[in-house]
Amino acid sequence: MIEFLQQLINGLSVGFVYALLALGYTMVYGILRFINFAHSDVFMVGAFCGFYMGKHVPAHSLGGGLLVIVLTMLICAALGIIIERLAYRPLRGGSSLAVLITAIGVSLLLENVGQLVFGADPKYFPELFPAKVYVSSSGLRVSSNQLLVFVVTAVLLFALQWIVLRTRTGTAMRAVSFNAQAASLVGINNDRVISFTFGLGSALAAAGGILYSMNYPSIDPYMGILPGLKAFVAAVLGGIGNIPGAALGGILLGLIETFVKGTRFSTYTDAIAFGLLIVILLFRPAGLLGKFQVEKV
Amino acid sequence: MRRNILSVAAGLVCIALAAGCNKSSDTPGATSSSTGGAIKIGEFASLTGSEATFGQMSHHGTELAIDQLNAAGGVLGQKLELHTEDDQSKQGESKTIAKKLISRDGVVALLGEVASSRSLEAAPVCQENKIPQISPSSTNPKVTEIGDYIFRVCFTDPQQGKVLAQFAHTTLKAHKVAILTDAASAYSVGLANYFRDAFTAAGGQITSEGKYSGGDKDFSAQLTSIKGENPDALFVPGYYTEVGLIARQAHDLGMKAPLFGGDGWESSELVNIGGAAVEGTYFSTHFSPEEKDPVVEKFVHDFQAKYSVTPDAMAALGYDSAMLLVDAMKRAGSTEGPKVRDALAATKDFPGVAGKITIDPQRNATKPLVILQVKDGKFHLVEKIAPQ
């Protein structure tokens, strides 16, 4: 039982990071109907921002750590907006395949520039927050970093839900996602809404990058590829375009992965996780929370 | 349409992954002074990537040997020229690099690699072209089984597994040991097998075998289930990047069982990544700079003078591989592949810095092992175990 609860905690701490990353995929998809493959590299850039800034704040301090997270989120939000402005906006209105391939190009560009600037060897991520391990009387252990992942992710998820449902910009985002042409007819500046979406998604990816590196403190320019892929799968699993779906998908994928890794089949983790995705999509093609829409051809 | 986009996206993911794995390396390596008619020696090493410190230390050792040999006038009246290529610690690079070094640069012999999987990739190319290859520190027995042109200057994993099993019995007094293996690495899987055979043959019990793949970051699931079985010790035959993370997560999960592993651990990065969690862990390796031996002391002194760091086993073996190759060229009186090969095969009691090298009929070197312990962020010599 203790082992089960311990695996649950392990799984949730991975799943929450997938969830943060999946939100970026799903928001961009909801509005532009394309997969932003460069998203996972923004995650990597976030980790490296944390790495460089972490050296300039006192180690093991809550204030310093939070400052690094906020600054990194701002930097990556700017990066996301710039990527959209330079790479994707000129192609808007063209074929969706062109944008998709551009996204892969941007992803490769970020990885290789990262390798040039940061170096290809893995770096050790500094300890930003006070590191403690809490042990329950029954032997269940939670590290302070895991708790931080839960708290920061929960706060960001609620903030996102509030922005999308309660603010004017959020309403505009939903309008554009529903029907971009109609939205511009009623006076919504689509470009600004799209920029905002990219900024928001990238900020979440940056936070995810730092939280991930705190738990697994070895970072390199290719660190985003696998979590990015998993988060993309999580977004599809939850119903791409659907925000609570992405969060649910991420958490679910993290849990499945951890429980499989805890058994003898640990080397088949990815095979089982992705196999499950295929099965779910066979029965629910629109994902767990996605609405199936009949399309007129 | 929506589902079409998704299927296209899935296809593109595969393409992107494939592209990511095949980026060609054009990183020019360090080459020493080139003069007309120099003897060209190729070296491939993981100068960057996840096993970067291995490749760099090994390369430093090789470079030091070549520099010393050139300062002493070279060999056969010619200077030596080292051609180094970086394989970025990636699978699939080494074969291309070996082909390039042999056919384009025209090297007469190849030195490399640390990782067994990458030595195995290059070995068939060397065998086919009748170019002798000396691996400084690949311990998987399959490496030299590729053919009669492939040699090594280190011990092999069957030997290492036996010694580690003995160490677990006598020094750690462990009866139940859990193993956590990197299923994607030939070295890790091999060493785990040899350890298991030797340990169970001596009456020990293996509680369970967890598996991961190199590059993984999260091991908490495997460690949680291992912890549930209460082993006396945990054997991790992997490489230092993952081992550091494993030690850290085991520590966070409150595992009390001591960790121990093989020569894949030896890197300063182990302490950087593992921090306090690797304190008190043990690993076996080829060489300790603390040994009281004039040959070792001179090497440590020269190495520190040139690179201002203390050499480790990878540096010592990198040095030995180059020294042995040149010694064989001298004995052969030629740089032709077949002649150098015969001379290498006839090596007896060559005084390497990491122990005397005698090449056996399987082209392996039988040598003593040392067990080191991590204490205060440094590696200290615990014991030296001679081969049986």
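Which residues in α1(A) meet which residues in α8(B)? In this predicted model, the residues A:E3, A:Q6, A:Q7 and A:N10 of α1(A) meet B:S220, B:A221, B:T224 and B:S225 of α8(B).

- The axes of α1(A) and α8(B) come within 10 Å and cross at roughly 165 degrees; because an angle over 145 degrees counts as roughly antiparallel, α1(A) is described as roughly antiparallel to α8(B).
- The crossing of α1(A) and α8(B) is right-handed, and the contact between these two helices has 1 nonpolar, 6 polar and 1 charged residues.

**The open sheet of chain B**

- Chain B holds an open sheet of 7 strands with mixed pairing, in the order β8-β7-β9-β10-β11-β14-β15.
- The edges are taken by β8 (205–212) and β15 (378–385) of chain B, and each has a single partner strand, so one side of each is left without a neighbour in the sheet.
- On average, and with direction ignored, neighbouring strands of this sheet are turned by 25 degrees against each other.
- Helix α8 (residues 220–227) of chain B packs on the sheet, where it touches β7 (176–182), β8 and β9 (233–235) of chain B, and the direction of α8 makes about 170 degrees with that of β8(B).

**Packing of α2 and α12 in chain B**

- Helix α2 (residues 52–71) and helix α12 (residues 313–332) of chain B pack at an angle of about 40 degrees, with their axes 7 Å apart, an arrangement that makes α2(B) oblique to α12(B).
- In this pair, α2(B) passes α12(B) in a right-handed crossing.
- The contact draws on residues of α2(B) including B:F54, B:M57, B:L64, B:I66 and B:L69, and on residues of α12(B) including B:M314, B:L317, B:Y319, B:M323 and B:V326.
- By class, the residues of the contact of α2(B) with α12(B) divide into 14 nonpolar, 7 polar and no charged.

**Surroundings of B:F350**

- B:F350 has its place in strand β12 (residues 350–352) of chain B, and this residue is partly exposed, with 18 other C-beta atoms within 10 Å.
- Although B:F350 and B:L324 are 26 residues apart along the chain, their C-alpha atoms are separated by 7.4 Å.
- If neighbours within four places in sequence are left aside, B:F350 is in contact with B:L324, B:D327, B:K356 and B:I357.

**Local backbone features**

- Most residues other than glycine have a negative phi, and most peptide bonds are trans.
- A:R33, which is not a glycine, has a positive phi of about 55 degrees; A:R33 lies in the loop between α1 (2–32) and α2 (39–54) of chain A and is partly exposed, with 16 other C-beta atoms within 10 Å.
- B:R363, likewise a residue other than glycine, has a positive phi near 65 degrees; B:R363 is placed in the loop between β13 (355–357) and β14 (369–375) of chain B and counts as buried, with 23 C-beta neighbours inside 10 Å.
- The peptide bond joining B:G112 and B:E113 is cis, with omega about 0 degrees, and B:E113 is found in the loop between β4 (109–111) and α4 (116–128) of chain B.

Definitions and conventions:
Residues numbered from 1 in each chain as written. Chains lettered and ligands numbered in written order. Predicted model: local features only at pLDDT ≥ 70, side-chain atom pairs only at ≥ 80, totals over all residues. Pairing = 2+ DSSP bridges. Helix = DSSP H or I, 4+ residues; strand = E, 2+ residues; numbered from the N terminus. Axes fitted to C-alpha atoms, helices over the stretch in contact; angles between N-to-C directions. Contact = placed C-beta atoms within 7 Å. Buried ≥ 20, exposed ≤ 12 C-beta atoms within 10 Å, placed from the backbone. Parallel < 35°, antiparallel > 145°, perpendicular 65-115°, else oblique. Left-handed = near helix turned anticlockwise from the far one by under 90°. Nonpolar A, V, L, I, M, F, W, Y, C, P; charged D, E, K, R; others polar.
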